Amino acid sequence: MLPTIAWRNHSVVMIDQRKLPSQEVYVRCRTYIQVAQAIEKMVIRGAPAIGIAAAYGLVLGFLPLRAETGRSIESDFERIYRRLERTRPTARNLFWALERMRAAYERNRGLGLRATRTALLAEASAIEREDAETNRMIGVHGRDLIADGAAVLTHCNAGALATAAYGTALGVVRAAVEQGKKIQVFADETRPLLQGARLTVWELAKDGIPAVLITDTMAGWLMRKGEISVVIVGADRIARNGDTANKIGTYSVAVLAKENGVPFYVAAPTSTIDTRLEDGSRIPIEARKPEEVREVCGRLVTVPSVEVRNPAFDVTPAKYISGIITERGVFRPPYQLGSGRTNF
Ligand code: MRU
């Protein structure tokens, strides 16, 4: 599998996810502004991958700084940090990664620009490396929830493309396949930007994992007919009580799963849990451009002047979630994440 993102020679290289699956092209970012724009335009997307990109973006922001300019490095740090932080508001991993970078910066404050740069690059690389390891552990904890011969429904893309490698929801699928189980994945196409059709199907095809593409509206009917064994999705932000923000449409899938007696799991690293939020009511929901709804793959499909709503995420109440699969194990309801009552 090609890496989603990599640090190469004083720049950050990302596979351009807007172009997949028809073109496999890479974008090279040489400045932190380019990284911020790549996140906003969804060249790179998926909460953990956004966090890794922002961490490397912060390193890029430091490259052109010169000690002798007399400007305060602190104010440069804040400027770079704030720009990267403004990119995608729902992804908890973005803020988590930037907070880690701030802590690394503060630990090395006063050691000189060269040492700070080295420390920031080491921290960003660690965030990337640890994410890949974390996803392997999510797979280990989640794989026994999938029976041999199961049909797994997923929504959006919570795969290798959304992370450093392996994926969260798709990591669980990969781990079950590595156990020798025969698994079929049903991929919701995921309007408006079709992450399921374009990305999930593409990466499963690369791995030879059987995938069936359906439109979002078909999921309920297939559940009713008994064709879906289990639902596994990723998460952008999880509140302490288990309420989970994920790609728009996830809530509908969860309600339909409950109605039809299909287990519904969220797979995510603990870095996606926002322990400051008691419940999901205060999770910020990103509103994206109306063109994404008016158009399909850049082609207008409606009246150009029509009013549009385009919330990029919804919040699934914890009562619909059978378990949250993390690198530390599977949490079950009632969720008290970060309270000390769980092992997290
Ligand atoms: O808008 P996107 O494509 O960034 O949304 C991504 C998702 O909703 C994913 O499910 C989530 O970030 C988890 S990725 C491991």
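One thing before that: what you're looking at is a predicted model.

So, the ligand. Where does it sit? The ligand is in the largest cavity. How many residues surround the ligand? There are 18 of them, and the closest are R45, R88, D236, N246 and K247. If you'd like to find the shell by secondary structure, look at helix α2, residues 47-62, and strand β9, residues 244-247: each of these supplies at least two shell residues.

R45 has a polar side-chain atom 2.8 Å from an oxygen atom of the ligand. On N246, a polar side-chain atom lies 2.6 Å from a ligand oxygen. And for K247 we have a polar side-chain atom at 2.7 Å from an oxygen atom of the ligand. How much of the ligand does the protein bury? Taken alone, the ligand exposes 410 Å², and the protein buries 100% of that.

Okay, on to the backbone. A bit of background first: most residues other than glycine have a negative phi, and most peptide bonds are trans. With that in mind, here are some spots to look at.

Let's take the peptide bonds. L20 and P21 are joined by a cis peptide bond, with omega about 0 degrees. You'll find P21 in the loop between β2, residues 12-15, and β3, residues 26-29. Then go to P333 and P334: the peptide bond from P333 to P334 is cis as well, and omega is near 0 degrees. P334 is in the segment after β16, which covers 329-331.

Next, phi. M42 isn't a glycine, yet its phi is positive, at about 65 degrees. Look for M42 in the loop between α1, residues 32-40, and α2. Is M42 buried or exposed? With a relative accessible area of 7%, M42 is under the 20% cut-off, so it counts as buried.

C297 is another residue other than glycine with a positive phi, this one near 50 degrees. C297 lies in the loop between β12, residues 295-296, and β13, residues 299-300. Here the relative accessible area is 67%, and because the cut-off for exposed is over 50%, C297 is exposed.

Last stop, the two strand residues. T316 is in strand β14, which runs over residues 313-316. T316 counts as buried because its relative accessibility is 1%. What does the T316 side chain reach? It gets to the backbone nitrogen of Y251, at 3.5 Å.

And then there's I325, over in strand β15, residues 323-326. I325 has a relative accessible area of 0%, so it is buried. How far is the C-alpha atom of I325 from that of I232? The two residues are 93 apart along the chain, and their C-alpha atoms are separated by 9.4 Å.

To leave you with one picture, go back to the ligand: it sits in the largest cavity, with R45, R88, D236, N246 and K247 as the closest residues.

Note on methods
Residues are numbered from 1 along each chain as its sequence is written. This is a predicted model: local features need pLDDT of at least 70, side-chain atom pairs count only at pLDDT 80 or more; totals for chains, interfaces and linings use all residues. Side-chain values use heavy atoms; hydrogens and water are left out. A residue is near a molecule or strand if one of its heavy atoms lies within 4 Å of it. A polar contact is a pair of N or O atoms within 3.5 Å; within protein, one must be able to donate a hydrogen and the other to accept it, and residues adjacent in sequence count only if both atoms are side-chain atoms. Accessible areas come from the Shrake-Rupley method with a 1.4 Å probe; for residues, only the protein chains shown count as cover. On a 1 Å grid over the protein atoms alone, a cavity is a set of points where a 1.4 Å probe fits but cannot get out, and a pocket is an open set with protein on both sides within 12 Å along at least five of seven lines; lining residues have an atom within 4 Å of a point. A molecule sits in a cavity or pocket if more than half of its atoms lie within 2 Å of its grid points. Helices (H or I, at least four residues) and strands (E, at least two) are DSSP runs, numbered from the N terminus. Buried means under 20% relative accessible area, exposed over 50%, partly exposed in between (1.4 Å probe, protein chains only).
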